[in-house]
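User: I'm new to this one and would like to look around a bit. Could you take me through it in questions and answers?

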Amino acid sequence: MPSSAVALPGTVVLDHELLELVSSLVCILRNGDVTFLNQAGAKVLGLNSPDDAIGTAFVDYVEADYRFLVEAGWDLLAEEDFLPLKLHRTDEFLFEAEIRVRRVPSPNEMFLVEARDISKFVKSAEALREREERLQGILASVAEGIITVNEQGQIESANPAVDRMFGYGPGKLIRQNLGVLMGDALRDHHADMFKAYLGGGGKFMGRSVESLGRRADGSLFPLEISVSELRHGKNRLFTGILRDISERKENEERIKRLAHHDSLTGLPNRNLLNDRISHALARVRRHGGRMAVLYVDLDKFKPINDTLGHEAGDAVLREVAQRLSTCIRSSDTVSRVGGDEFVVVVEEIARPGEAAMVARKIIASLTRPVLYLEHACQIGASIGIAIFPDDGISMEEVCKAADVAMYRVKHSGRNAFCFYSDSTPQDEIDYDGLTP
């Protein structure tokens, strides 16, 4: 028999040189004891020579927690592919291994065992798993919604923030079309943009765009979307960062409202008033007709502040704002321009008498006492009226004319109204009978 061959009892002959070419541990067991070990195996086990292993039980190299696998029987192990376990070297150093057992055709109980040191792979897998767990932890903790979408527009992943934002259970969005997150009115638009981009004609990557998101219950909310492309081999994935901007929009609306509305009464302030007067004048110039500006200054208001305090005064002003709003049409405007000063713009009047009717309504409305706690606050109103284009051809001229007319009332007894064109306040003239 050639020296390069290993003779086994029976009829089996294994080539020694071929077994030495294997870079992993290879050994032959008879009744669980090592009868052959290649040089690579000796190195793996920390032996000086393969001969040091001859006659030893292979189970001695198996870490105690894994010996139950070997003790279950080599026949059972031979039915499996690769099995993970831990082996230890002669210096007791433990390492992760993967073994494969095969029965050797022989009258005796003989098995061929191949073992590979997979410590590096295990460490790499653990590191990868730790990175994935860390990444999942980050994705789970961020407030922004993060999704990935394939080229068919299907959602492949969604972090918990997306589920919370849109009201879906974990995993419910996977494989659904991205359009399920969009409002009906914008769904087709987003689909067209996506198709255009895939065809090379769209440009929306890297930009933040505002849209309307649709929750699972059908409710809509303002949404900001930022999309980036990720190449994955020949395929493309799209990562979307989704933000619920409801609070930001509410703050913007609040700031905008504060810039154009009185904080106490909620009425338009002087800035919004000037804007509305400018637009009203432009409409009158285009279509003809008249427009009235009424300056309303409260009577007997200061004593309320002096005797009952500013809280009482604020309550009266809020009530006055509500009453003035009931005296005009929806197309007209009531504005607070000072402490107890209000301006009413009556658009598209056919004759001055229509402005007089509004003034009478205001006076009658404010004549009724305003109740504050147990006090009946009695006030009145001095109203000056100017007509465009009769009393001025610009906003400044008309407003100044109304202010002048209001002061005539103040100096002549109060709780009445006066046209700029009148020399004295009057509340008895039948303005409805006047011609335009």
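Analyst: What follows is a short chat about some of its residues. This is a predicted model, where local features need pLDDT of at least 70, side-chain atom pairs count only at pLDDT 80 or more, and totals for chains, interfaces and linings use all residues. Residues are numbered from 1 along each chain as its sequence is written, and side-chain values use heavy atoms, with hydrogens and water left out.

User: How many aromatic pairs does a search of the whole structure find?

Analyst: Rings of Phe, Tyr and Trp (its six-membered ring) pair if their centres lie within 6.5 Å; planes under 30 degrees apart count as stacked, over 60 as edge-to-face and the rest as tilted. Searching the whole structure that way, the number of aromatic pairs comes to 5.

User: What kind of aromatic pair do Phe58 and Trp74 form?

Analyst: Their ring centres are 5.9 Å apart. The planes are at 70 degrees to each other, so with the cut-off of over 60 the pair counts as edge-to-face.

User: Why does that pair tie together separate parts, and how far apart in sequence are they?

Analyst: Helices (H or I, at least four residues) and strands (E, at least two) are DSSP runs, numbered from the N terminus. Phe58 lies in the loop between α2 and α3, while Trp74 belongs to helix α4 (residues 74-78), so the parts tied together are separated in sequence by 16 residues.

User: Is Glu347 buried or exposed?

Analyst: Glu347 is found in strand β15 (residues 341-349). Its relative accessible area is 9%, so Glu347 is buried.

User: Which residues is Glu347 in contact with, leaving aside its neighbours within four places in sequence?

Analyst: Contact means heavy atoms within 4.5 Å. With those neighbours left out, the partners of Glu347 are Ala280, Arg283, Arg290, Met291, Arg329, Ser331 and Asp332.

User: How far apart in space are Asp314 and Asp340, C-alpha to C-alpha?

Analyst: Asp314 lies in helix α11 (residues 310-326), and at 29% relative accessibility it counts as partly exposed. Asp314 and Asp340 are 26 residues apart in sequence, and their C-alpha to C-alpha distance in space is 9.9 Å.

Terms used: Buried < 20%, exposed > 50% of the residue type's maximum accessible area, 1.4 Å probe, protein only.
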